[in-house]
Amino acid sequence: MGHRSAGEPWNDPDARPYVELRRVTKKYGEFTAVDDVSLKIYEREIFCLLGASGCGKTTLLRMLGGFEAPTAGRILIDGEDVTDVPPYERPVNMMFQSYALFPHMNVEQNVAFGLKQDRVPKAQIRERVAAMLEMVQLGEYAKRKVGQLSGGQRQRVALARALVKRPKLLLLDEPLGALDKKLREHTQFELIGLQDKLGVTFLVVTHDQEEAMTLASRIGVMERGTIAQAGTPAEIYEYPNSKFVADFIGSVNLFEGRLVEDEPEHVRIASEEIGGTILVGHGISSAPDATLWAALRPEKIAMSLGAPAQTDNVARGVVQDVAYLGDLSIYVVRLPTGKLVRITRPNLARHAEPVERDSEVYLCWDAASPVVVTR
Amino acid sequence: MQGLLRRLERAGVSSRSLVLALPYLWLIAFFVAPFLIVLKISLSHTALAIPPYKPLIEWTSRSVLEIRLDLRNYLAMFSHRLYGDAFLNSLKVAFLSTVFSLAIGYPMAYGIARAGARARGVLLLLVVLPFWTSQLLRIYAWVGLFKANGLINSTLLSLGVIHQPLTLLFTPFAMYVGIVYSYLPYVILPLYANLEKLDWQLVEAAQDLGCRPWQAFYKVTLPLSRNGILAASMLVFIPATGEFVIPTLLGGPNSLMMGRILWDEFFGNRDWPVASAIAIVMLLVLVPCMMAYLSIQSRGSDA
Ligand SMILES: Nc1ncnc2c1ncn2[C@@H]1O[C@H](COP(=O)(O)OP(=O)(O)OP(=O)(O)O)[C@@H](O)[C@H]1O
Ligand SMILES: [Mg+2]
């Protein structure tokens, strides 16, 4: 259900990016935290950086905020090279991962800090701060010292403090991590609404892929200092460009194999893991002898007790495990080769066809479903 | 069973209160008791005796218990301008010394707190290094520097910057240099401890919200190091008020300080009661300072 801004500027070669990273590298001594990253983010986008802990998300954000100087490369905001511009002169606000709230001020003073700094008239400050606190549901906490707030409340103060200045670019480092599920969802939609209303460009760091899917116009998946893939949530999910991305977003079954049939319209991959071949309904570009992987999402595999009609893309196995999650169930099926395959099925009817542990089942999938990745 | 529990509990409570009592016992033995003795002497009458004052409480021949409180020692302080001047001068010197020490010590502490981990250790070591020699020796070293034919004058003379030796020794300048120099570590260490704990991201956040570095310092770093500044001020102000050695050796005979008067009354005039009265009055001035400090600090910490 990814959020879309008008059009898809990243597909338009003439569109002017609002933020541009040109081959940015950041080294700490010998260690490369961000490795030759080039990235374009367009106005009014919500771009989510997604990646495992320590992959360089915060470092990238800090370089955009001006707190860290790149070892190499240039950073442009709104067409201007800001690589050497100090933080207080960038049209950017950042919400810090550790919130960085001022302990000697109360909630209201924290939120008003940036506006006072900009010499906004007093009455206007009061109004904007009150409205912002209302939005993050902290109206009644205005006079509290930040030391007396819960983690989630602090997070919301930090969010309010960054948002109240209405920056052109807002950097959010794990903005919703400490919120409970309900408030998180609520705030996610608030963020999207705000983005529509104020025209802010968001760069959001998160390691929650569901959050990225909900918020993002595009997602950048980071892997050890590099951007492994950037694209819309659907692109990333349906067409991952590597095992890493396929595995990182959602869950996936990977079958290692080699090309045995290479046609422009389809390919066939022989995989020992599946004990047969996989028919893929689109052509690929790969060296004939290279090892490849067919990636198959759990929800794209059908499971039945009786033999299916198709002859290609069928496998047999024994259900080893069933997990009932309410809206759907997860099945783990063991193939004769020993390979475990993960399948999800929505629980459509209350008393569906019983597939229980140790049932012998057929698995089948459409030729359009597998994605072939070469690394 | 119940009785045993109760007895255990009673034992537990008593050992706990014993631990709690220790600091109080310490205070009573080394602060309250001496204070009472000094208070007693300050109310006695001077006498040519050993000790050189008359006892406060006496059995007279008619078997009457006589308690004589001599308030003249306190009144003496108001009868001579000397005391009042010395008193004000002491407070002034202590205040200015505190200001100078902070002005020099704060940037140093800030620099150390921002230095790399290895440099930090070396710098801290350098700060406490002077403690390895006696303070008296170090003050005499300053005398050697400031003398008419001392190192500073002879260097300047030989460089031709000056043609006659400057009067450095026995000036207020020399005295302030001595005091600030001596108390600098007491300023740097608490400030360092405070600044080292400061979350640098707060300063970054302030800059992110539009503050130039100096504004971020003024609005974030400075208010958050208030407790360090207060502690450092107390550590300079209180001992500097009663400072005796440095004003004598560097400030010369014109530097009228309470510590000096106290010394003269005690050892020169052997007037213990007046000396004690001076000490009590000084305490009466400094204790409110201390209380104000504690209340400000506790107000800060529950914030
Ligand atoms: N100041 C620094 N000095 C040395 N190494 C650093 C420094 N800051 C970050 N690193 C290293 O750079 C790498 C990336 O750090 P970064 O904080 O960007 O990770 P992250 O993706 O934000 O992780 P997380 O999700 O845990 O916040 C980490 O391995 C970290 O150890
Ligand atoms: Mg991080």
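Mentor: Two residues are in contact when heavy atoms of theirs lie within 4.5 Å. In chain A of this predicted model, residues 24 or more positions apart account for 65% of the contacts with a separation of 6 or more.

Trainee: What makes up chain A, in helices and strands?

Mentor: Chain A has 8 helices and 20 strands. Its C-alpha atoms fill a box of roughly 75 × 50 × 40 Å along the principal axes, and 51% of its 375 residues are buried.

Trainee: How is chain A divided into domains?

Mentor: Domain 1 covers 2–91 + 167–243, and domain 2 covers 251–373. The centres of the two domains, taken over C-alpha atoms, are separated by 34 Å. Where they meet, 7 residues of domain 1 are in contact with 7 residues of domain 2.

Trainee: What makes Thr58(A) and Gln97(A) ligands of the magnesium ion?

Mentor: A donor has to be an N, O or S atom within 2.8 Å of this kind of metal. OG1 of Thr58(A) and OE1 of Gln97(A) lie at 1.9 to 2.4 Å from the magnesium ion (ligand 2), so both meet that limit. Water is not among the atoms, so the site may look incomplete.

Trainee: Why can the pair be said to tie together parts that are apart in sequence?

Mentor: Thr58(A) belongs to helix α1 (residues 57–65), whereas Gln97(A) sits in the loop between β6 (92–95) and α2 (107–117), so the pair joins parts 39 residues apart in sequence.

Trainee: Why are Thr58(A) and Gln97(A) called partly exposed?

Mentor: Buried means under 20% relative accessible area and exposed means over 50%, with partly exposed in between. Thr58(A) has 27% and Gln97(A) has 40%, so both fall in the middle class.

Trainee: Which class does Arg23(A) fall in, buried or exposed?

Mentor: Arg23(A) has a relative accessible area of 56%, which is over 50%, so it is exposed. Arg23(A) lies in strand β1 (residues 19–28) and has a positive phi, near 45°, in a residue other than glycine.

Trainee: Why does Asn313(A) count as buried?

Mentor: Its relative accessibility is 3%, which is under 20%, so Asn313(A) is buried. Asn313(A) is found in the loop between β15 and β16 (314–324), and its phi is positive too, near 55°.

Trainee: How do you know that β1(A) and β2(A) pair?

Mentor: Pairing needs at least two bridges. Strands β1(A) and β2(A) (residues 31–41) are joined over 7 bridges in the antiparallel sense, so they pass that test. In this pairing Lys26(A) stands opposite Val34(A). The hairpin has 2 residues between the strands, and Gly29(A) in it takes a positive phi near 65°. Strand β1(A) also pairs with β4(A) (residues 72–77), antiparallel over 5 bridges, where Thr25(A) stands opposite Ala72(A).

Trainee: What makes β15 and β18 of chain A edge strands?

Mentor: Their sheet is open, has 5 strands in the order β15-β19-β16-β17-β18, and pairs antiparallel. Strands β15 (302–304) and β18 (340–346) each pair on one side only. The twist averages 45° from one strand to the next. At one end, β17(A) (residues 328–334) pairs with β18(A) over 7 bridges, with Tyr331(A) partnered by Ile343(A).

Trainee: What makes strand β19 of chain A mostly covered?

Mentor: Of the 5 residues in β19(A) (residues 360–364), 4 are buried. Strand β19(A) pairs with β15(A) over 3 bridges and with β16(A) over 5 bridges. Leu363(A) is the bridge partner of Met303(A) and also of Ala315(A).

Trainee: What makes the 49 residues a nonpolar core?

Mentor: They qualify because such a core is a set of buried residues of the listed nonpolar kinds joined through side-chain atoms within 4.5 Å. This core is the largest, and the residues with the most contacts inside it include Leu133(A), Phe202(A) and Ile219(A). Helix α4(A) (residues 151–163) gives the most to it, with 6 residues. Apart from it lies another core, of 40 residues, among them Tyr18(A), Val34(A) and Ile75(A).

Trainee: Which residues does Ile219(A) touch?

Mentor: Leaving out residues up to four places away in sequence, those touched include Phe47(A), Leu50(A), Met213(A), Pro233(A) and Ile236(A).

Note on methods. Residues are numbered from 1 along each chain as its sequence is written. Chains are lettered from A and ligands numbered from 1 in the order in which they are written. This is a predicted model: local features need pLDDT of at least 70, side-chain atom pairs count only at pLDDT 80 or more; totals for chains, interfaces and linings use all residues. Side-chain values use heavy atoms; hydrogens and water are left out. Axes are lines fitted to C-alpha atoms, for helices over the stretch in contact, and angles run from 0 to 180 degrees between N-to-C directions. Donors are N, O and S atoms within 2.8 Å of the metal (3.2 Å for Na, K and Ca); water is not among the atoms, so sites may look incomplete. Buried means under 20% relative accessible area, exposed over 50%, partly exposed in between (1.4 Å probe, protein chains only). Domain bounds come from an automatic or database domain assignment.
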